[in-house]
Amino acid sequence: MTYILGGWQSDFAAKAPDGQFFPLLQSATAGALEDACIEAGDIDTIHVGNFAGEIFTGQGQLGGLVTSIDPALIGKPASRHEAACASGSMAALAAMADLESGRYDCALVVGAEVLRNVGGQEAGLRLGGAAWVGKEVVGEPFPWPAMFGRIGDEYALRYGLEHAYLGRIAEINMTNARCNPRAQTREWELTRESFYQNDVHNPPVAGPLRRYDCSRITDGSAAVVLASGRFAESWARRRKVDLEDVPKILGWGHRTGAMLLEEKLAASRPATYVFPHLRQTILDAYRRAGCRGPADLDVIETHDCFTISEYLAIDHFGITAPGMSWQAVEDGVIETDGTLPINPSGGLLGLGHPVGATGVRMLLDGARQVSGRAGDYQVPGVKKAGLLNIGGSATTVAAFVVGTQD
């Protein structure tokens with residue numbers, strides 16, 4: 001069992017100081033250590049999630065940057081993990097494997113991304129490297145809206161799709177973000193027309209997607225301190241807290257589909273779900289956590305880089321039958337006072353999406369929710385949180401169940 005002792009997240013509305021990684025990594029590491037009430041010397045191993053360090057800043061070797069934060073970290077094993085927007089989850093899974101194998105007892109997982117040191121369109125083009133370069137979205141000025149717009153078209157073809165439900169997802173998440181003091185859009189002033197089919201306030205982008213169906217370009221960092229049961233037991237004893245109340249990762253799933261989006265879609269046409277490997281990833285997390293399904297969850301933080309990615313998460317989590325995600329939106333299931341709130345943090349649409357930090361931030365928000373530490377966006381009575389992080393066109397997918405009880 002892997003425990004989450006604490007963590008920290010930067011203000012996603014802020015740009016990285018001078019477009020540099022070190023301040024982001026430094027603040028996340030210091031904040032996580034302070035929140036977890038441990039010293040840098042207690043860390044046995046370091047895992048960093050990052051997608052585009054070299055592409056945007058020319059900076060690699062991010063594990064070395066982390067060890068430079070504190071003399072007590074020098075000499076610790078550190079490594080970087082990349083899987084596009086799922087990079088942070090890959091770092092967390094590697095740290096979990098270290099802890100569960102008995103190699104180490106305490107791990108620092110930190111995710112960071114610098115994306116706002118270039119213009120928005122240029123940033124989008126550079127992020128296109130998470131698709132198969134030269135084989136898909138060739139010559140496309142907005143690669144990822146085009147890819148996820150294509151997923152929206154596939155949903156429309158198989159099941160029918162009304163933009164009103166995508167718009168409502170955007171409206172819910174952007175409204176939730178107003179309660180999050182670290183959200184990129186918390187002070188944005190938007191009207192209802194900004195979310196629906198209004199070509200002036202919400203112009204079309206690709207397929208069924210419009211401007212506010214798309215997440216922001218974000219700088220930011222997040223970190224969590226993970227621990228083995230042995231370390232967590234000693235830590236809880238010293239702090240005079242009940243180990244049962246410490247957040248832990250109850251279950252996880254990780255699978256990788258074909259690289260090309262069209263290959264994934266073609267292969268799934270005889271199947272029940274648009275992305276069978278994503279569905280299986282969630283089922284793996286349920287099984288390892290001993291969950292029967294979404295009814296055992298109290299909240300979900302999911303990857304809404306576009307509204308369609310949350311829409312597909314709804315049916316892949318099993319909240320509705322395949323293609324019926326609209327029903328959960330219409331019935332208010334996913335709202336903060338619904339039976340299974342999704343993205344009370346604001347999600348990627350409202351909170352922001354610093355690519356390599358997103359998976360780590362999700363773990364942090366899951367831990368905050370189950371321990372009652374989410375502040376103004378706390379959902380009452382949360383015992384178990386489901387998380388879903390997606391890399392590329394649902395190529396790399398990772399799911400977690402975080403809770404305070406087995």
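Pockets first. I get a volume of about 630 Å³ for the largest pocket, bearing in mind that this is a predicted model. I count 29 residues in its lining, and Pro145, Cys214, Ser215, Arg216 and Ile217 are the ones nearest the centre. Looking at which elements give two or more residues to that lining, I find α5 (120-127) and α6 (143-159). By class, I have 19 nonpolar, eight polar and two charged residues around the largest pocket.

Next, the second largest pocket. I note about 250 Å³ of space for it. Its lining has 17 residues, with Leu5, Trp235, Pro247, Ser371 and Arg373 closest to the centre. Which elements each supply at least two residues of this lining? I see β1 (2-9), α8 (229-239) and α14 (355-370). β1 has the largest share, with four residues. Sorting the lining of the second largest pocket by class gives me eight nonpolar, three polar and six charged residues.

Now the serine. I find Ser268 in helix α9, which covers residues 261-268. Is Ser268 buried or exposed? I put Ser268 down as buried, because its relative accessibility is 1% and the cut-off for buried is under 20%. Leaving out residues up to four places away in sequence, I have Ser268 touching Arg158, Tyr273, Val274 and Pro276. I looked at the Arg158 pair in more detail: the side chains of Ser268 and Arg158 are joined by a polar contact of 2.7 Å.

How values were computed:
Residues numbered from 1 in each chain as written. Predicted model: local features only at pLDDT ≥ 70, side-chain atom pairs only at ≥ 80, totals over all residues. Heavy atoms only, no water. Buried < 20%, exposed > 50% of the residue type's maximum accessible area, 1.4 Å probe, protein only. Contact = heavy atoms within 4.5 Å. Polar contact = N/O pair within 3.5 Å; in protein donor to acceptor, adjacent residues only side chain to side chain. 1 Å grid on protein atoms, 1.4 Å probe; cavity = no way out; pocket = protein on both sides within 12 Å on 5 of 7 lines; lining within 4 Å. Points joined across faces, edges and corners; volume = space filled by probe spheres on them. Nonpolar A, V, L, I, M, F, W, Y, C, P; charged D, E, K, R; others polar.
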